[in-house]
Amino acid sequence: MQGDDLAAIAEKHQGSRRKYCLRTCMSAGCMSSRADAIKKGLDAEVKAQGLEGEVEVRRVGCMGFCGLGPLVGLDGMKEREILFEHVTPEDAPAIIRAVQAKDHGLQVADPDHPFFSKQMRVVRANGGIIDPERIEDYVAANGYRALYHVLTDIRPAEVVEEITRSGLRGRGGAGFPTGLKWGTVAKSPGARKFVVCNGDEGDPGAYMDRSILESDPHLVLEGMAIAAYAVGADQGFLYVRAEYPLAISRLQTAIRQAKQLGLLGGGIFETPFTFNVDIRIGAGAFVCGEETALMASVEGRRGTPRPRPPFPAERGLWGCPTLINNVETFANIVPIINRGAAWYAGIGTERSKGTKVFALTGKVQNNGLIEVPMGITLRQIVEEMGGGAIGGAKVKAVQTGGPSGGCIPAEYLDTSVDYESLTKLGSIMGSGGMVVMDDSTNMVEIARFYMDFCRDESCGKCIPCRAGTVQMFELLEKILSRKATARDIAMLEELCDLVKHTSLCGLGQTAPNPVLSTLRFFRNEYTELLQPEPAGECAASGQ
Amino acid sequence: MIPSLTSAGEESSPARVTAHASGDKRFKILEAHIKKFQARQDALIEVLHKAQELFGYLEDDLLLFVAHRLKLPPSRVYGVATFYHFFCLKPQGAHTCVVCLGTACYVKGSAKVLAAAEAAAGIKSGETTPDSQLSLLTARCIGACAIAPAVVYDGQVAAKQTPEMVLAQLEKWREPCKATT
């Protein structure tokens, strides 16, 4: 395999293209609404009408606007693409009529809607366009050129430098500078090094990584390969949740195809570079998103974290230097290499570069995946792209960062979306879940919901998290059953502080965030539920 | 020591495949899977996934078999099997109904959906009906947030579920049983 071979594959594939293309979303969301039957119906209709030479029915990944699914896009029309929404298998004949520019009478999405027009697609450029189960489609979309360029033209240190210059920060939540991490692994001495992709997307209300893995698996594999070259690793692990069976199967297909073409394995592009990737399937433990717990799980052990340092960059899998990045981080690598660090650094704010994919869900009109440049305001996302709350209700808060994040109240909607601004409000960027809550939502119940989650998911290794989350949950229960007094709130705050500062890993350290942020912005909802202090004790505490 | 990941170590030399005493063919399939991983100890989770896929759940005998084949202490295998939510150590019902309790589903009323299912089936989440027909489970998030609230019926994700829809599905599962009894 050489650079010319890539071009040949792409050219051959372009030649097989038809005039019209019906892109059928076959991501997990649309699949639940019989997307496979829709594709079968379209295939049958194209055949019945004898249009095989003109119309291609293509399986594609997520198109983003999942709330309108199942979606079918039609390319090749005179004016612009048409996006059919809420498609059923029975709509196949009508869709074919649309191809023939006849009256179809189907529901069509507006491509000028802010939901689409405000997006900036870097990571999700191929999402909903290419067939995720055909490597030719990815190669035709300029795939594996970045890897070729890196392996044949630049030294590993230069790759690290390029990523550093781009200003890319970890998309898993904490926002650690990616280039710095790569540099540390590259400099760590070790006979063997590993690259791990963290696809244990455990935050409830988030599915960006699932969508990327389902829609464009090769983008992540190529990013991992470039990372491996940069840090000097020859083995990668892709850790994916067992809850994402479609993502796992598409990754398996992608790895097999890449191996067949010699894009994974030994001597890639006839260079000495060797890189293999194995999939590791999670087994339903939220804590495994924490990097040291994830490594334990990759090694086949219970997913419990360990203290850092030593950081995985120095001592990771089996004691070897290990680079761990999130799915979306790896997905950013290829665009950076292809278009240059300067281009990437030009997007976003001063300290948060590039774009971020969010899962916009909850009580918002338009549900789905969006990719926006950093620095966009929450108001633009929720009100313009999301269309505001459902049924004329008022947006009360936006939750970001899942169980580690917080609730940002409506009056702060003009906040810019970047790592620092969200942290200032007691929330975090997180992996990209954005759950909108309207005025019918009880914030104390939301705090209890997250504490129940953390209590359940605490691995039990350190006491502050194991016992603290249980106690905080019980205090919240007590408040909600109107049996608590002001003292209980004080105790809750004290516990939050303790758990935050003494827990071993990120799960415990951030578990109090939903409570702290709702106490900060919606304290009245707590105090309304309180009982007056018994008279005797009041006097005692007043002394 | 760094275990070799690409080359087969000594342990990989395939021990003669002996049929399991029970004569159950599924053990043979599991054994082949273990060999695919060269009986590496770090493949424990992968092996348990396969075992659960084949047998439906992980009973003690099966865990001991895995421990023996991977040369791991049974405590380690049991510890891993009980740590991860995905592994179940009890038999599941003929049908499974998984209610997603992720944040997006929660704010859109999945708690009501679950309560309706619990009331109809007469069991709590995580339990199986006495007639082994239905297991009611919850998930932390299945990543189908845009179509919340989501419920997974026998592995099929269903979008925008209401308490009525869940009751209708549970009733549908019950129908054939009634017909046979």
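Two strands are said to pair if DSSP finds at least two bridges between them. Keep that rule in hand as we walk through this predicted model, starting with a clear example in chain A. Strand 9 (residues 355-362) of chain A runs parallel to strand 13 of chain A, and four bridges join them. To find one of these spots in the structure, look for A:Leu360, whose bridge partner in strand 13 of chain A is A:Met434.

Strand 13 of chain A has another partner too. Strand 11 (residues 395-400) of chain A pairs with strand 13 in the antiparallel sense, over five bridges. Here A:Ala397 stands opposite A:Met437 of strand 13 of chain A. How many of the residues of strand 13 of chain A are buried? The strand spans residues 433-438 of chain A, and six of its six residues are buried. Both of its faces are covered: A:Gly433, A:Val435 and A:Met437 are buried on one side, and A:Met434, A:Val436 and A:Asp438 on the other.

Now let us step back and take in chain A as a whole. It contains 24 helices and 13 strands. Its C-alpha trace spans about 90 × 65 × 40 Å along the principal axes. A compact globule of 543 residues would have a radius of gyration near 24 Å, so the 25 Å of chain A agrees with that expectation. Of those 543 residues, 55% count as buried. The chain also brings together parts that are separated in sequence: among contacts in chain A between residues at least 6 apart, 73% join residues at least 24 apart.

Next, look for a sheet in chain A. Four strands form an open sheet in the order 7-6-5-8, with parallel pairing. Which strands lie at its edges? They are strand 7 (276-281) and strand 8 (322-326) of chain A, each of which pairs on one side only. From one strand to the next, the twist averages 20°. Helix 13 (residues 291-298) of chain A packs on this sheet, touching strand 5, strand 6 (235-240), strand 7 and strand 8 of chain A. The direction of helix 13 makes about 105° with that of strand 5 of chain A. Strand 5 (residues 194-199) of chain A is joined to strand 8 of chain A by five bridges, and the two run parallel. Within this pair, A:Val196 stands opposite A:Ile324 of strand 8 of chain A.

A:Ile129 sits in the loop between helix 5 (114-117) and helix 6 (135-140) of chain A. A:Ile129 counts as buried because it has 20 C-beta neighbours inside 10 Å, and a residue needs 20 or more to be called buried. Leaving aside neighbours within four places in sequence, A:Ile129 is in contact with A:Arg23 and A:Val60. A:Pro464, by contrast, is found in helix 19 (residues 463-480) of chain A. A:Pro464 has 19 C-beta neighbours inside 10 Å, so it counts as partly exposed. Beyond its neighbours within four places in sequence, the contacts of A:Pro464 include A:Leu498, A:Val499 and A:Gly508.

Chain B is the next stop. It has seven helices and four strands, which follow the pattern α-α-α-α-β-α-α-β-β-β-α along the sequence. Buried residues make up 36% of its 181 residues. Among contacts in chain B between residues at least 6 apart in sequence, 60% join residues at least 24 apart.

Where do the two chains meet? The contact takes 37 residues from chain B and 45 residues from chain A. On the side of chain B that touches chain A, the elements giving two or more residues are helix 2 (44-55), helix 4 (74-83), helix 5 (103-107) and strand 4 (156-158) of chain B. By class, this side of chain B has 25 nonpolar, eight polar and four charged residues.

Finally, consider the interior. In soluble globular proteins, nonpolar side chains tend to be buried together. In this model, the largest nonpolar core has 219 residues, and those with the most contacts inside it are A:Ile226, A:Ala227 and B:Cys100. Helix 11 (residues 217-231) of chain A gives the largest share of this core, 11 residues. Over in chain B, B:Cys100 has contacts beyond its neighbours within four places in sequence, among them B:Cys105, B:Ala139, B:Ile142 and B:Val151.

Definitions and conventions:
Residues are numbered from 1 along each chain as its sequence is written. Chains are lettered from A and ligands numbered from 1 in the order in which they are written. This is a predicted model: local features need pLDDT of at least 70, side-chain atom pairs count only at pLDDT 80 or more; totals for chains, interfaces and linings use all residues. Two residues are in contact if their C-beta atoms, placed from the backbone, lie within 7 Å. Ala, Val, Leu, Ile, Met, Phe, Trp, Tyr, Cys and Pro count as nonpolar, Asp, Glu, Lys and Arg as charged, and the others, Gly among them, as polar. The radius of gyration is taken over C-alpha atoms; the globule rule is 2.2 Å times the number of residues to the power 0.38. A residue is buried if 20 or more other C-beta atoms lie within 10 Å of its own, exposed if 12 or fewer, and partly exposed in between; C-beta atoms are placed from the backbone. Axes are lines fitted to C-alpha atoms, for helices over the stretch in contact, and angles run from 0 to 180 degrees between N-to-C directions. A nonpolar core is a set of buried Ala, Val, Leu, Ile, Met, Phe, Trp, Tyr and Cys residues joined through C-beta atoms within 7 Å.
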